[in-house]
Amino acid sequence: MNEIACDIIIFGAHGDLALRKLMPALYHLCQDGHLNEKHTILAVSREDLTTEEYCALLSQRFQDTFQDGSFQEDVFENFISHLRYISIDLTQKKEYKVLADVLHSSKNKERINYLSTAPSLFGTICQNLSNSGLIIKGSRVVLEKPIGNSLSSSQVINNEVAKYFKESEIFRIDHYLGKDTVQNILALRFSNMLFTPIWNAQYIDHIQITVAESVGLEGRSSYYNDYGAMRDMVQNHLLQLLCLITMEPPHSLDGDAVRDEKLKVIRSLRHMQAGELSTKSVRGQYKAGVSDGKSVSGFLEEDGGNEQSSTETFVALRVDIDNWRWNGVPMYLRTGKRMSQRYSEIVIDFKDIPHSIFPKGGECIDSNKLVIRLQPDESISMFIMNKVPGLNEGMRLQKVELDLNIPENSPRSPDAYEHLLLDVIRNNATLFMRRDEVEAAWVWADNILEGWDKQKIKVKPYMAGTDGPSAAIALIERDGRSWYEK
Ligand code: BG6
């Protein structure tokens, strides 16, 4: 195996993210032979467990969640033979001695510190690692989002971490960038000449990005109540998708080349004026309803009650990018929890043809659309107009879908975290966010968040299991457009 030998230390190993995403991702990397034989996984958490108890918990979780038959007893045995559970209180410097003792014998290995903890602990953990002599050459740190909940709080966290790690050693995760179809946006845009001349305001009418979830809070109410959809999804995942779709071609796939271009997009986002907030933005909050065939409670009653909360669980925005390429092309973003179905989709809607030569009466000529579906199924489709075949049809037109999908016998699509963890092992930062990018995104998001606050923009109710408040439909229809429906 050619991958670098490393010690992978997961801080917060008993938390939801580690159990649901990180450990399964490491298991799959082990299954596919991507981990060096000399690697070690140290699962660090406060819970008082032995390594055997932690591994038994993992075994149970994996067998329950791997629906695709990918749980293999022999792979699991190999996986846990490299794993050790360490119980320490991360706030106590003296407790890092246990970690130091384990890592002491680790020679010629790089060290990955994955902080899957509350961001308020990032600084403390880095400081304790440093004071315990645990930051060595080849150490890097991985930070989970959210990095703060505003520009100033993210600066505090970034400043603390920067005392101990150089920017090139800091990997800020946005797991959307690890999704295969998201990376496919780069392939689609920059390896096909076909799209290059038409990817601009001259040919594109508008772009829509929807990330809809059918789930509610999933037991995360204390976190979510302080964040809401704008901070939890728009400031990071949706903005990253927007960047990849609209950025200029980077000169290479090198980390800084790609991130420089994304940064330029974020800095070109027009700030919303106070008077525009009620027409260009919608905040929503779900009420009780029916989701996936089951009755579900509303946000205010969920997880023991968020009674007074005005946190938004839905956001729709009209966003403008002030640069040459996108002048006058609106970008419509929307995301929400407890919506009618789970799907993420990007729609590039091209302009109408300037003049129709076809007889009226048949299907009207619809604009071309490129639809990139990220989940649950991954697909890319192009909608074009075509002649209805047959002698009796004259020049009657119909819309047809060109399917640009990946062939079905392609290998298992890796989870985003597998991809990103492997990139950290390989020290490749292209799909991670640089500090200036995160902070520029906060500058833009803060403008809207503060505007909502000052203007007292209220959350609009929507029933769980629907597509959000009707105001979100009005937001796009006011511009003479509508949300894409297949
Ligand atoms: C996370 C958010 O970053 O992304 C969650 O904190 C959200 O609230 C999740 O549910 C969505 O990720 P995915 O990959 O399921 O679309």
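This section describes strand pairing, backbone geometry and charged contacts in a predicted model.

Strand 7, which spans residues 204–212, is largely enclosed by the rest of the structure, because 8 of its 9 residues are buried. Two pairings involve this strand. With strand 13 (residues 343–350), strand 7 pairs in the antiparallel sense over 8 bridges, and His206 stands opposite Asp349 of strand 13 in this arrangement. With strand 12 (residues 331–336), the pairing of strand 7 is parallel and extends over 6 bridges; here Thr210 has Arg334 of strand 12 as its bridge partner. In a regular strand, side chains alternate between the two faces of the sheet.

The peptide bond from Lys145 to Pro146 is cis, with omega near 5 degrees, and Pro146 lies in the loop between strand 5 (139–143) and helix 6 (151–162). A cis peptide bond also joins Gln375 and Pro376, with omega about 5 degrees. Pro376 belongs to the loop between strand 14 (369–375) and strand 15 (379–387).

Positive phi values are found at Glu218 and Arg338, neither of which is a glycine. For Glu218, phi is near 50 degrees, and the residue is placed in the loop between strand 7 and helix 8 (221–246). For Arg338, phi is about 55 degrees, and the residue is placed in the loop between strand 12 and strand 13. The relative accessible area of Glu218 is 48%, so this residue is partly exposed. Arg338, by contrast, has 14% relative accessibility and therefore counts as buried.

Across the whole structure, 33 salt bridges are found. Side chains of opposite charge can pair when their charged atoms come close. One of these bridges is formed by Asp7 and Lys109, whose closest N and O atoms are 3.0 Å apart. This pair links distant parts of the chain, with Asp7 in strand 1 (residues 6–11) and Lys109 in the loop between helix 4 (96–104) and strand 4 (110–115), 102 residues apart. Both partners count as buried, because the relative accessibility is 2% for Asp7 and 14% for Lys109.

Another salt bridge joins Asp320 to Arg270, with the closest N and O atoms 3.8 Å apart. This pair likewise links distant parts of the chain: Asp320 is in the loop between strand 11 (314–319) and strand 12, and Arg270 is in the loop between helix 9 and helix 10 (277–280), 50 residues apart. Asp320 is buried at a relative accessible area of 6%, whereas Arg270 is partly exposed at 34%. Both residues also belong to a network of salt bridges that includes Glu276, Lys280, Arg318, Asp322 and Asp479. A further salt bridge, between Glu393 and Arg396, has its closest N and O atoms 2.8 Å apart. Glu393 counts as partly exposed at 25% relative accessibility, as does Arg396 at 39%.

Glu47, Asp48, Glu52 and Glu53 form a negative surface patch. The C-alpha atoms of Lys264 and His104 are separated by 44 Å, the two residues being 160 residues apart along the chain.

Definitions and conventions. Residues are numbered from 1 along each chain as its sequence is written. This is a predicted model: local features need pLDDT of at least 70, side-chain atom pairs count only at pLDDT 80 or more; totals for chains, interfaces and linings use all residues. Side-chain values use heavy atoms; hydrogens and water are left out. Patches are made of residues with over 30% relative accessible area and no salt bridge: like charges are joined within 9 Å, nonpolar side chains (Val, Leu, Ile, Met, Phe, Trp, Tyr) within 5 Å. Accessible areas come from the Shrake-Rupley method with a 1.4 Å probe; for residues, only the protein chains shown count as cover. A salt bridge is a side-chain nitrogen of Lys or Arg within 4 Å of a carboxyl oxygen of Asp or Glu. Lys and Arg count as positive and Asp and Glu as negative; His and the chain ends are not counted. The place of a charge is taken as NZ of Lys, CZ of Arg, CG of Asp or CD of Glu. Buried means under 20% relative accessible area, exposed over 50%, partly exposed in between (1.4 Å probe, protein chains only). Helices (H or I, at least four residues) and strands (E, at least two) are DSSP runs, numbered from the N terminus. Two strands pair if DSSP finds at least two bridges between them.
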